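Open the model in a viewer and keep the selection panel at hand.

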Amino acid sequence: MNRTHVTCMINDDETEFLCDNDESLLDALRDEVGLTGAKEGCGTGDCGACSIILNGQLICACLAFAPEANGGTIETVEGMADGDRLHPLQTSFLEEASLQCGVCTPGFLMAAKALLENNPDPTETEVRYAIAGNLCRCTGYDKIVRAVLGAAAQMRKNPIEGARP
Amino acid sequence: MRYVRPGTVDEAVSLLNSEPESCVFAGATDLVPQMQGGRPEPKLMIDLKGIPRLVKVSYSNGQLVVGAATPVSIVKVDDNLKAAFPGLSESSGLIGSDQIQNRASLGGNLCTASPGADTIPSLMVNSARVVIASSGGTRTIPVSDVVTGPGSVSLKSNEFVVEFILDAPPKRTADAYLRFIPRTEMDIAVVGAAARLTLDDADCCTEALVAIGAAAPTVVRAPVAENALRGNPINDETLAEVMAAASAVCSPISDKRGTKEYRRQVAGVLAKRVVLQAAKRAKEKGGAV
Amino acid sequence: MTVAVEESPVKKSYKWVGTRPVRHDGLEKVNGKARFAADMTKPRMIHGHVLRSPLAHAKILSVDTTEAESMPGVKAVVTAADFPPPSKNEGFPHRSSNLIAREKVRYEGQVVAAVAATTRRQAKAAAAKIAVKYEELPHVLTVDEAMADGAPLLHENLITKGLDTTPKQASNIAKRDYFEQGDLEAGFAEADVVYEHEFTTKVVHQGYIEPHACVADTSKDGRSEIWCSSQGHFMVRSATAEMLGWETSQLKVIPAEIGGGFGGKTTIYLEPLAVKLSQKANRPVKIVMRREDVFKATGPTPGTKIRVKIGARKDGTLTAGKAWLAYESGAFPGSWGMLGGWCVFAPYDIPNVQIESFEVVVNKPVNIAYRAPSAPMAAFATETVIDQIAREIKMDPIELRLLNAVEEGDYNHSSMVGTFQRIGLKETLEAIRDHPNYKIPLGPNQGRGVATGFWFNIAQSSSATVNLTENGRAVVVTGSPDIGGSRVSMALMAAEELGIDVKFIQPVVGDTEAVGFTDVTEGSRTTFATGMAVVRACRELVTQLRERAAIMWDCSVEDVEWVDGKAHHSGNKESPLSLAEITAKAKKTGGPLNATGSLEAKGQGPAFSTQICDLEVDPETGKATILRYTTAQDAGTAIHPSYVEGQMQGGVAQGIGWALNEEYIHDKKGVMQNPGFLDYRIPVASDLPMIETVIVEVPNPKHPYGVRGVGEVGIVPPIPAIANAIHDATGLRLRDLPMSPVRVLEGLNQQNGVG
């Protein structure tokens, strides 16, 4: 076996792992690094459950090859909270009951985070299109959309202290 | 399988020549599902995203140059591009989800050569050219000469697309793109239509290009529709001719995404709507950038 | 001590029940720590890969694993020969016959063999080297094909049950059910308006986002531990044991978090393969399905053909109803047609009725439950015909339904209901009739449709154990996997019973060795039945707490009352003792406090939902866009209203997908053409509006808190509500699913004389 050595920053931690060259970044995060927050729902980029942020860009980790991460920066749901302080989106998802089974939740949180970083005051329609790459089969999206809008309002009002302990 | 990330076009060319079973890629958004579906794994994967020339949008000397591996999320929002080619911007913004758009590229969309590729009709109505690199240097050909059939392109195995070149549009010229999908997002176009119109001061059409996607083995131009537009005002009569001509140019198949009858009929509908949209834009913005 | 909670009066106002606390398992689900089945790893774990049939119907002539076994990294290979033959009496869902093919494959994707190897890649490569020789057979894909004379047979010895005379020839019709009451002909003769129409629906999938996965670790002593995602780990234990020919005591099943089920995880697919591979390899084995496998070999819910005839008088009274229903069951028989027959006229009091239903086997995956299984297809037919009658007699469609709605004391012919107890159908109809959304003016190309849905709900067995901690907190252990917030509902009921803050209650799902037997989380039963088990355990604990207070006060237990989480002395001779004060002294008063509650629950409340869909049809493309959606559902009592709303909204969203776009598409060879989320089009966020909910609360008299069960019925009305709205917008009556743009445009073309 001829494996590739990858060094990257994951959630502010310098991380090294070995991977196969054709291994997806998703498999590497889950199997080599042990970060199982990103899920595989489809393996073809159609469900968004594996959404992560690579070098500042929201992507489906199932569609990236693991060696592409070399020298890069990765954010996953595991790094979303600031220590014990949840990100306002996490708080909002909990308070709005935006998750039922919860398997799609990490992907939605990453997609919503990417949205709000680019557009702090999205309309409902903008939220719906921004999370259209993330499938949820439990909720009908209603409470997810409300949570994203709620978190956005919270973050506009209180950009620093938006998170709760 | 080896993975390499060259930093220059020359490096990529020599890598491509070094291994017959090699494959260039940018976003891999088509490649990965194809490999899962049984496409043989290449021995060498050449990641083009490390070549600066391939991942930028630049504007100079009246030409817009888009690197072939530039994520369409950049193409979608680039101010110069949006002003000059709003239809290309909107077709870029229709590919998959935000996650996909952060990876997918114009080069990939073209070379995957799907009949339903969203950006090809927009590139065609803007008479875009592609710069193709190989060990012999580069050559430039029209986008319309690239795709030869579903999944097949005229490029040789040791060639790859470096960038797209679009000339600044004349005054009172604008493009638009519309596609039909059953949902609002995440589908492949059942049928798509792009148009670019130039209007004179009396809002009469002086130049028109219309292309239809997903309704034939490759994206097709609709010359009869274009002729119907040229020299005429955009009125019900012209639009009826456009609809009929756009439907007539289709040679669609029936598949899991739609029937041939549906594609033919809706191609006409989209052609009409996209002509109206392009005309509206041409009137509003004048077209010069 | 057992408390007969069933007889308890329904309380009116509560301190905890009906509030909306953050769910206890929420934090781990927003920070990525929650462990779903595919997240599990074990030391020395290896990976399984399953070889599946590429053919829809074929004889298996041979399976040769020799080359596969010699491939790099391979540790074990299993075939059907590794499992005992299925019992002759094997019933639905025929797991032993279905989960690994024997003499025949009966659908594309059926398992033929499995390999375990050090890496996934090695396992996949080895599976490709298993040589299977098939003799291809002709196949059938629809009820029409399967019921035709001379159709190719899936089972050479399948004799139709339930016919007046037992046929001598085998067929693809497994069973016929028949029910009649009154005088059908007289009923139709009495009618001023009679409509009869035929409806078809396609196979659709539950579409949970988490593919099936499991890890099995079989030890030399003949025991195995299984981590997996399912709707019922006790079911996994018994079903896996049955297929392996093992004792249930040899298996321990540990429930992972479940990433959606909707009925699709009420059975097993991978577990016996993993246990067997693990036994042979002497290593833990993990198997994870790919999405394609999920579509091709799990789930789905039947395609159907249904004819419904209904007669009504001009005043709106329904006089007669006749239904003929044929439900696919996939490759092995099910009871889907029977369920459809039970539901088809269930919301209405129709005096003269005839219902005939059929179970039909076809070369597609074995159907399993999907949210109110069989009801949406039947409701599509009935609710569309009812809408047509309302228009014909110019009566408001809600008023027509109110006039004929079943109520307490009416009879339902299903074995699940019998005579209705107190139900809330009329209340949901009134909630919709009086809702402002029912009166919003509509624009051009817009339409409004309404429909009602019924579902039985079920009860079954549940167990719970409640342990009090030294400092007065409670751990509530149940055997019900939580697929949508049931843990917090258990905690709310326990908080209400014990009188302590819900945040001091930790609700957990125990493994098969940590809590008593509990049936599958299905049939909207968990908050109802497992909730009753929790209430029983809590009431037993309250008795114990009173006894301990009596010891502390040296008084008779009769002098101790339990009010608001505290023991009160009836003579007010002592200061009240909190639960924490009592548990703190537990060592001196008799030891730890804990109690179990278990029961075979009875008295689940049938559920009804009435919905309004407003949509707009693009007349040039045939695309329907949902503008507004309103759903009113009788929850009995909403324990946690947010999760009740979530169930209502989720059911509606699935129903919208089913109505507009979802379908299995097969080619001529019986190979599925759209086994992925790209072309199996479930709704995305931008397809839907907010889904407005009205929780109607008509308490179920048979539950201590009036719970009825809310998980399923919401999926029943959307298909007819959408069909009726499309008619309202365009004049088109669509009777075939999906109501895709292609189909709508075809209809509009016919209407306009085009094409």
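## Stop 1

In chain B, 12 residues of domain 1 are in contact with 14 residues of domain 2, where contact means that the C-beta atoms, placed from the backbone, lie within 7 Å. Helices (H or I, at least four residues) and strands (E, at least two) are DSSP runs, numbered from the N terminus. By class, the domain 1 side holds 6 nonpolar, 5 polar and 1 charged residues. Ala, Val, Leu, Ile, Met, Phe, Trp, Tyr, Cys and Pro count as nonpolar, Asp, Glu, Lys and Arg as charged, and the others, Gly among them, as polar.

This is a predicted model, in which local features need pLDDT of at least 70 and side-chain atom pairs count only at pLDDT 80 or more, while totals for chains, interfaces and linings use all residues. Residues are numbered from 1 along each chain as its sequence is written, and chains are lettered from A and ligands numbered from 1 in the order in which they are written.

To color the domains, select 2–112 + 127–167 of chain B as domain 1 and 173–285 as domain 2; such bounds come from an automatic or database domain assignment. The C-alpha centres of these two domains of chain B are 25 Å apart.

## Stop 2

How does the radius of gyration of chain B agree with that of a compact globule? A compact globule with 289 residues would have a value near 19 Å, and chain B has 19 Å, which agrees. The radius is taken over C-alpha atoms, and the globule rule is 2.2 Å times the number of residues to the power 0.38.

Switch to chain A, with 5 helices and 5 strands. Stepping from the N terminus, the order of elements in chain A is β-β-α-β-β-β-α-α-α-α. The C-alpha trace of chain A spans about 50 × 30 × 25 Å along its principal axes. For 165 residues a compact globule would have a radius of gyration near 15 Å; chain A has 16 Å, which agrees.

## Stop 2: where chain A touches chain B

Show both chains together: 24 residues of chain A are in contact with 21 residues of chain B. On the chain A side, strand S4 (57–60), helix H3 (105–118) and helix H4 (124–130) each supply at least two residues. S4(A) gives the largest share of that side, 4 residues. The chain A side divides into 12 nonpolar, 9 polar and 3 charged residues.

## Stop 3: the domains of chain C

Move to chain C and color domain 1 (5–34 + 459–601), domain 2 (42–137 + 209–297) and domain 3 (304–406 + 424–453 + 604–752). The C-alpha centres of domain 1 and domain 2 of chain C are separated by 39 Å. Their contact takes 14 residues from domain 1 of chain C and 17 residues from domain 2 of chain C. The domain 1 side of that contact in chain C has 6 nonpolar, 4 polar and 4 charged residues.

## Stop 4: a sheet in chain C

Next, select the strands of an open sheet of 7 strands in chain C, ordered S3-S5-S1-S12-S9-S10-S11 with mixed pairing. Strands pair if DSSP finds at least two bridges between them. At the edges are S3 (74–79) and S11 (251–255) of chain C, each pairing on one side only. From one strand to the next, the twist averages 20 degrees.

S3(C) and strand S5 (residues 111–117) of chain C run antiparallel and are joined by 5 bridges. Axes are lines fitted to C-alpha atoms, for helices over the stretch in contact, and angles run from 0 to 180 degrees between N-to-C directions.

## Stop 5: a helix pair in chain C

Finally, select helix H11 (residues 375–392) and helix H19 (residues 718–730) of chain C, which pack at an angle of about 35 degrees with their axes 7 Å apart. Residues in this contact include C:Phe380 and C:Glu383 of H11(C) and C:Ile719 and C:Asn724 of H19(C). By class, the contact of H11(C) with H19(C) has 6 nonpolar, 2 polar and 2 charged residues.

Key. Contact = placed C-beta atoms within 7 Å.
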